[in-house]
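Morning, everyone. I have one model to walk through today. Please bring it up on the screen.

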Amino acid sequence: MTRPWWQQSVVYQIYPRSFADSNGDGIGDIPGITAHLPYLAKLGIDVIWLSPVYASPMDDNGYDISDYRAIAPEFGTMADFDHMLQTAHDLGIRIVMDLVANHTSDEHEWFVQSRSSRNNPHRDYYIWRDAVDGHEPSNMGAVFGGSIWEWDEHTQQYYLHCFSKKQPDLNWENPRVRDEVFRMMDWWLAKGVDGFRMDVIGMIAKDPSFPSGEPGPTGYAPLYPLIQDERVHPWLREMRQRVLSKYDTLTVGEVGGATVETAKKYADLDGSELSMVFQFEHVGLTGTPERGKWVTDKPRLVDLKRVFDRWERGLDGVAWNSLYWDNHDQPRAVSRWGNDAPQWRELSAKMLATCLHLMQGTPYVYQGEELGMTNFPFERMDQIDDLEAHDAYRMLTRDCGCSHDEAMAAMREICRDNARTPMQWDDGPQAGFTTGTPWLAVNPNHTQINAAAQQDDPTSVFAHYQGLIALRRRSELVVGGSFCLLEPESEELFVYERVLGNERMLVACNFSDHDVLWQLPEEYRSAERIPEACNYDAPEPGTLRPYESMAVLAAI
Ligand code: ISL
Ligand code: CA
């Protein structure tokens with residue numbers, strides 16, 4: 001069976017600012033990435049998803065682009081980019097760019113033009129509305145705080161921004177905007193990049209009536225009813241016809257509210273839209289209407305399993321899943337889903353890798369996840385850079401009645417900077433990330449958790465990821481086998497089966513810190529153990545030990 005390459009790939013996400021600094025200014029950069037490509041080749045990944053490196057005032061660390069065809073000077077030059085791309089390709093690694101096209105920076109030339117006068121030809125590139133009775137046209141709140149509407153004194157209208165006011169939303173209804181975006185995509189693809197991760201692509205279509213809603217504690221109504229993601233599909237089909245169909249790409253759309261049903265459209269195997277989507281159901285299992293995601297409770301394993309089961313079975317044979325525990329917007333996988341206490345950290349990091357990598361779909365590894373990097377012990381807000389966190393701290397302490405300590409507990413559990421602390425290369429000063437002062441503090445645990453200590457240690461978390469990635473390469477069962485959840489009601493064990501042709505594989509993971517009695521099902525009693533999936537040396541019949549993961553292979 002011939003499959004598109006992206007179904008057999010493992011993707012590694014790089015957050016450039018925090019990956020490797022080559023010139024001592026404390027900011028990770030493109031030459032730093034190029035220098036570490038051999039490390040990624042050794043890990044065995046197939047594709048890099050590069051978070052934005054475009055010119056940007058960095059209000060949201062590059063998710064606010066001021067020039068789609070230029071590289072931010074702090075990250076390097078276009079020559080540095082071309083050299084990185086060539087070096088990656090020479091190593092057999094593809095590079096997928098981050099396409100941030102729901103919005104631009106307010107410093108993008110299009111917006112500078114757009115706001116210059118009401119009859120500027122670029123006016124309609126963005127979404128402008130008159131005041132209603134001297135107020136915003138609707139009461140919805142932006143993702144990073146305040147209203148979605150920002151008043152422009154000069155032209156006496158409001159513009160729409162779903163994120164910060166420095167991220168005005170593009171008007172996708174305007175065919176000229178789509179032309180511009182498609183031409184820009186073509187420009188990068190012609191250069192040789194291998195696809196796009198599409199930032200909040202599910203949000204590009206808005207309800208043109210701009211409804212209001214029931215205000216929450218901040219005084220603003222939730223944003224999501226504004227989004228009409230069913231109207232995105234014709235635009236994605238147009239994108240496929242006009243641009244993507246000319247190239248062999250991996251495309252992954254970030255779709256906040258995706259359900260199995262809508263994902264079938266976005267990621268249909270007929271290739272009419274995208275390769276796959278990032279869904280948010282499993283990372284959104286906790287949270288409340290009042291505090292949003294800013295709570296400290298842990299997701300329940302039965303709920304987690306129900307989500308994966310639904311997606312695995314729902315998309316099998318009709319669409320394609322992406323698989324991830326974390327990214328640059330999420331807390332660290334081992335802290336969130338495993339146990340980052342020193343005695344369990346490595347075991348649980350390996351168990352999580354096994355659990356995710358042996359499902360059907362394309363696995364994504366976020367930088368440092370392959371080392372078991374953890375959340376950061378934040379105590380004060382001056383240790384945190386992210387604009388979202390600062391807005392949330394104000395919301396929690398001002399509107400939700402939280403104390404400083406309660407708010408900081410939520411930061412330590414959830415905030416995005418947990419994932420954005422510098423990559424831990426070695427146990428030296430600044431973890432080998434920079435010779436200068438890093439833009440965000442290095443996690444003090446870099447003396448224990450770092451790449452230098454793990455790269456050549458066959459018992460390391462790194463080696464476990466290496467093994468799983470290599471296993472996917474040679475196993476059609478891992479890539480394409482159908483998924484069946486076992487023990488759905490267990491509060492401790494995540495057990496599933498994969499079946500393809502005359503082979504079956506059983507994967508069993510203990511998400512708890514204690515022994516759990518468990519028998520291998522009859523049909524697997526004489527099965528062959530898959531060493532790459534196991535994080536204890538030898539099995540202990542009848543028991544899964546704390547954070548144990550194992551898999552066995554049998555003939556049918
Ligand atoms: O980070 C989040 C958790 O609250 C999300 O709401 C996030 O803002 C959402 O998933 C969209 O994320 C993407 O677009 C944002 C950018 O800040 C994120 O880094 C990016 O992944 C705006 O471009
Ligand atoms: Ca630098």
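First, a term. A pocket here is an open set of grid points with protein on both sides within 12 Å along at least five of seven lines, and a lining residue has an atom within 4 Å of such a point. Keep in mind that this is a predicted model.

Now apply that term to the second largest pocket. Its lining holds 22 residues. Nearest its centre are Pro-4, Trp-6, Gln-7, Leu-269 and Trp-320. The volume of this pocket is about 300 Å³. How does the lining divide by class? Nine residues are nonpolar, eight are polar and five are charged.

Three cavities reach 30 Å³ or more. The largest cavity has a volume of about 60 Å³. Its lining consists of Gln-279, His-282, Phe-308, Trp-311, Glu-312, Asn-321, Ser-322, Leu-323 and Tyr-324.

On to the domains. The chain splits into four parts. Domain 1 takes 1-99, 347-378 and 415-477. Domain 2 takes 102-169 and 206-227. Domain 3 is 385-412, and domain 4 is 481-555.

I want to look at one pair, domain 2 and domain 3. Their C-alpha centres sit 25 Å apart. Six residues from domain 2 and six from domain 3 make the contact. The buried area is about 480 Å². Carbon and sulfur atoms supply 71% of that area.

Which residues of domain 2 lose the most area to domain 3? They are Phe-144, Pro-217 and Thr-218. Together these three account for 77% of what the domain 2 side buries. By class, the domain 2 side that touches domain 3 has three nonpolar residues, three polar ones and no charged ones.

What about specific pairs? Between domain 2 and domain 3 there are zero salt bridges. One residue pair is in polar contact, with both residues at pLDDT 80 or more.

That's my part. Over to you.

Methods. Residues numbered from 1 in each chain as written. Chains lettered and ligands numbered in written order. Predicted model: local features only at pLDDT ≥ 70, side-chain atom pairs only at ≥ 80, totals over all residues. Heavy atoms only, no water. Domains from an automatic or database assignment. Contact = heavy atoms within 4.5 Å. Buried area = accessible area lost by both parts, 1.4 Å probe. Salt bridge = Lys/Arg side-chain N within 4 Å of Asp/Glu carboxyl O. Polar contact = N/O pair within 3.5 Å; in protein donor to acceptor, adjacent residues only side chain to side chain. Nonpolar A, V, L, I, M, F, W, Y, C, P; charged D, E, K, R; others polar. 1 Å grid on protein atoms, 1.4 Å probe; cavity = no way out; pocket = protein on both sides within 12 Å on 5 of 7 lines; lining within 4 Å. Points joined across faces, edges and corners; volume = space filled by probe spheres on them.
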